[in-house]
Amino acid sequence: MNIIRYLIIAISLIVSVQTATSQQDLFAGIRHEQDSLLTEIEHEPDDTKRIDLILSIYKTRVEAYPLMVLEVGQKLAKLAQKTKDPITESISWGFFGQGYRLSGDYTKALECHHKAVALAENRQQSHSFAITKNQMAHVYKDRDENEKPSDLYHEALASAREGKNSEAAIWPMMNLGAIYLALNQLDTALLYSMESYNRCIAINLQRNMPYILSNIASTYSKMGNNTLALSYYHKALSSAIESQSARYMNQTYTALAEHYQRTGHEDSTLYYAKKAITETQNTLFTFLSIKPAKLLTDIYENSNADSTLKYLKIYRAANDSLFSTRNEQQLQMMTFEEDQRQIELEKEKINYRNKIKMNMLLGGLGTFLLIALILFRNNKQKQKANTLLHRQKKEIENTLSKLKTTQAQLVQSEKMASLGELTAGIAHEIQNPLNFVNNFSEVNKELLLEMKEEIEKGNLPEVKAIATDIIANEEKINHHGKRADAIVKGMLQHSRSSSGVKEPTDINAPVMNTFASLTTVSAQRIKPLMPHLRQTMIPQLALSTLYPRIWAG
C-alpha cells in the first residue's frame, strides 16, 4: 500500500511539474506575442491602426489570466508615458480595470475604468471611448445590475459605430444581448446576440464565441426551444474548451446548469453546476462560483446537509467577494461620483456650447455693426458726393446757361455785324449805279438849262447837240438804273428758299453783270477786256444745269 501511495504521489508530482512547465511555456508564448504587438504599437503613427493593434492583444488569450492583463496594462502605461500618447494611456487604464475585474476586485476595477473613460473623453476619440465605456459596464453587469450597464453599452455602441474598428462594435452588442437576456426581453436579446455572432463569423473572431453562443443558447432555452438551445450550448461548450479559458468554461457550464434546471433535469443541473465550480477552483475566478454554488445549495437544502453546507460556504465566499458591505459602499460611492462627474461634464459641455453660441452671437453682432458702420459711412460719403455733384451740376448748368446766353449774344452780334457788313456791301453796290444816275441826272439838268438858253437864242444846231447828249445821258441813267434793279433782284433771289433741285441757268448774264459792277472800281482796267470777254462767250454755255442761287448775285 505504501508503494502504491508513493507511486500516486510521484505521478501527481510529475503531472504537476509537466503542467507547470506547459503553463510556463504557454505564458512565454503569450508574452512574446504581446511584446511584438507592443513594439508595433510604439512605432505606429496612425491612431486608428494603433488602436487596432492594442485590441489585437486580447487575441493572445490574455483575458484567461487576470494577472497577465494587469501586466499588459502596466506595459501600455509605460509605453504611453514614453510616446506621450493619451489614447494608449486611456486603454492602459482599461486593461488595469479589466485585470482587477477578472480578479474579482470590482472597486479597483471601477476606479481604473473611470480614469480610462475620463482620458478617452478628453481625447474625443470614438474608438477608445467605446472600449473604455464597454469595459466599465462589465463591472455593473457582473453584479447583476442591468440598468446602468445597459446605458453604458448603448453609449459604447454609438461611439463604436462612429469609428472604423469592427471589433469595437461587437463587444457592446454581445453584452447588450446578455443584458436583455437577464431582463427577459428575449427578442431583443436574440437580435443583439445573433448580430454579434454574424459579425464575428464575418471577421473570423473566435475569442468571444463561447460567451455569444452561450447567450444565444440561453435565449432559446427561455423561449422554450430546447432543440436550438442544446445545439448552441454544445457549440458554446466546444468553443469554450478550445479557448482554454476557465472563465468561459465556468460561464458555459453555469448556463447549461440553469437550462437543465428550467427543464426539470436535476441530475444534469447538479453535474454542470459542479463542473462550473471545479473550473474556477485554484484560480482568480473563484468569485464566478456564486451562481452554480447557489444552484447546488438550493438543490441540496432539503436532501443533503453536508453538501448544502459545503456549497453554501462557496456561495458566501463568492458573494462576499462581489457584494461585501464595504465593496458595495465603495462601488456606490464611486458610481455616485462618476454620475456627478458626468453631470458636471455635461454642464461644462452646455456652458461651452452656450459660450460658443454667445461668442458667435457677439461676433455676428460685431460683424453686423461693422457692416452697418461701413454702409453708414459709405452712405454719408455717397450723400456728400451726391451733394457735391448736385452743386457742381448746378454750377455747370448755370455756366452752360451763361455760355448759351453769351453764345446767343455772340451769334446775334455776329449776325448783326454780318448784317451790317452785308447792308454796307449792298448799300455800296446800290450806291454805285445810283451815283451814276444822280450824276447823269444833274448833267442832264444842266444840259436842259443850256438847251433852254440855246432855244431862246435860236441856236438850233447847239440845241440838237445838247439833245443828243441828253439822250446819251438818259441811256446811261437807264443802264445804271437797271444795274441797281438787277442787284436788288439778285438779293431777293438769294434770300428766296430753294428746293436744292438743279435747273437751267444763264451763266453769261451774271458774269457780265459782275464785270459791269466792277467798272466803277477799275473801269480803265476792265474796259480793254470787255471786247475780248465778249468774244470768248460761248453760246452753248448760256444754259447750264447749275444751282441758280450760286449765280444769283
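**Salt bridges, buried helices and surface patches**

Aspartate 142 has a relative accessibility of 22%, which means that aspartate 142 counts as partly exposed. I use "buried" for under 20% relative accessible area, "exposed" for over 50%, and "partly exposed" for what lies in between, with a 1.4 Å probe and protein chains only.

Before I continue, a word on the basis of the values. The model is a predicted one: local features need pLDDT of at least 70, side-chain atom pairs count only at pLDDT 80 or more, and totals for chains, interfaces and linings use all residues. Residues are numbered from 1 along each chain as its sequence is written, and side-chain values use heavy atoms, with hydrogens and water left out.

Let me turn to the overall picture. The chain has 20 helices and two strands; helices (H or I, at least four residues) and strands (E, at least two) are DSSP runs, numbered from the N terminus. Of the 553 residues in the chain, 37% are buried. The accessible surface amounts to about 33200 Å², and carbon and sulfur atoms account for 57% of that surface. These areas come from the Shrake-Rupley method with a 1.4 Å probe, and for residues only the protein chains shown count as cover. As for contacts (heavy atoms within 4.5 Å), among those between residues at least 6 apart in sequence, 64% join residues at least 24 apart.

I now come to the salt bridges. Side chains of opposite charge can pair when their charged atoms come close. The criterion here is a side-chain nitrogen of Lys or Arg within 4 Å of a carboxyl oxygen of Asp or Glu. How many salt bridges does a search of the whole structure find? The search finds eleven.

Aspartate 142, with which I opened, takes part in one of them: its partner is lysine 141, and the closest N and O atoms are 3.7 Å apart. Lysine 141, at 15% relative accessibility, counts as buried.

A second pair is formed by lysine 133 and glutamate 155, with an N to O distance of 3.0 Å. This pair links distant parts of the chain, since lysine 133 belongs to helix H6 (residues 126-142) and glutamate 155 to helix H7 (residues 147-162), 22 residues apart.

Glutamate 195 and arginine 199 meet in a salt bridge of 3.0 Å, N to O. The two residues are four apart in helix H9 (residues 186-203), and are therefore separated by about one helical turn. Glutamate 195 is partly exposed at 33% relative accessibility, and arginine 199 is partly exposed at 29%. Elsewhere, salt bridges that share partners join Arg31, Asp35, Glu71 and Lys75 into one network.

Helix H14 (residues 290-300) contains proline 292. Why is H14 described as largely enclosed by the rest of the structure? Because eight of its eleven residues are buried; among them are Ile290, Pro292, Leu295 and Tyr300. Proline 292 itself has a relative accessible area of 1%. Leaving aside residues up to four places away in sequence, proline 292 touches Asn250, Thr254, Ala273, Ala276 and Ile277. Its C-alpha atom is separated by 8.5 Å from that of glutamate 258, 34 residues apart along the chain.

Isoleucine 41, in helix H1 (residues 2-43), is buried at 2% relative accessibility. Its contacts, again not counting residues up to four places away, are Arg50, Leu53, Ile54, Ile57, Leu76 and Leu79. Isoleucine 41 and threonine 88 are 47 residues apart in sequence, with 8.9 Å between their C-alpha atoms.

I close with the surface patches. Patches are made of residues with over 30% relative accessible area and no salt bridge; like charges are joined within 9 Å, and nonpolar side chains (Val, Leu, Ile, Met, Phe, Trp, Tyr) within 5 Å. Lys and Arg count as positive and Asp and Glu as negative, while His and the chain ends are not counted. A charge is placed at NZ of Lys, CZ of Arg, CG of Asp or CD of Glu.

Glu442, Glu446, Glu450, Glu453, Glu456, Glu462 and Asp469 gather in a surface patch of negative charge. Helix H16 (325-457) and helix H17 (460-495) are the elements that give two or more residues to this patch. Which helix gives the most? H16 does, with five residues. Glutamate 453, found in helix H16, is partly exposed at 46% relative accessibility.

There is also a nonpolar patch on the surface, formed by Met358, Leu361, Leu362, Leu365, Phe368 and Leu369, with about 630 Å² of accessible area together. Leucine 369 is placed in helix H16.
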